[in-house]
Amino acid sequence: MIRKPITIQIPSGLEARPVALLVQVASQYESEIYVESGEKKVNAKSIMGMMTLGLVAGEDVTVTANGGDEEEAILNIEKYLSSK
């Protein structure tokens, strides 16, 4: 299992479209992937779950991946969340 703190750098934060794209990225992997913000922990493959976090640019989250492709999953999710 890998846990990685990531700062969201997408200028608009995670509104509907960026959330949908994040879910697409996460769904490419067989690993279980979760995003944590404060007390909330949400499945990164769930659009509705991710929308409940209401994440904005500059906010810090922790992404957790567990499975056979966890390293690649974390790498690509970090790349997406860090895009400007």
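These legends describe close-up views of a predicted model. Local features need pLDDT of at least 70, side-chain atom pairs count only at pLDDT 80 or more, and totals for chains, interfaces and linings use all residues. Numbering starts from 1 along each chain as its sequence is written, and side-chain values use heavy atoms, without hydrogens and water.

**View A. Strand β2 and its partners.** Strand β2 covers residues 32-37. Strands here are DSSP E runs of at least two residues, and helices are H or I runs of at least four, numbered from the N terminus. Strands pair if DSSP finds at least two bridges between them. β2 runs antiparallel to β4 (residues 60-66), joined by five bridges. Four bridges link β2 to β3 (residues 40-43), also antiparallel.

**View B. The β2-β3 hairpin.** Two residues lie between the strands. Gly38 has a positive phi near 65°.

**View C. Tyr34 and its neighbours.** Tyr34 has Thr64 as its bridge partner in β4. In β3, the partner is Asn43. The charged end of Lys41 sits over the Tyr34 ring, 5.1 Å from the ring centre. This label requires NZ of Lys or CZ of Arg within 6 Å of the ring centre and within 35 degrees of the ring normal.

**View D. Leu53 in helix α2.** Helix α2 spans residues 47-53 and includes Leu53. Leu53 counts as buried because its relative accessibility is 10%; buried means under 20% relative accessible area, exposed over 50%, partly exposed in between (1.4 Å probe, protein chains only). Leu53 touches Val35, Ser37, Lys40 and Val42, leaving aside residues up to four places away in sequence. Contact means heavy atoms within 4.5 Å.
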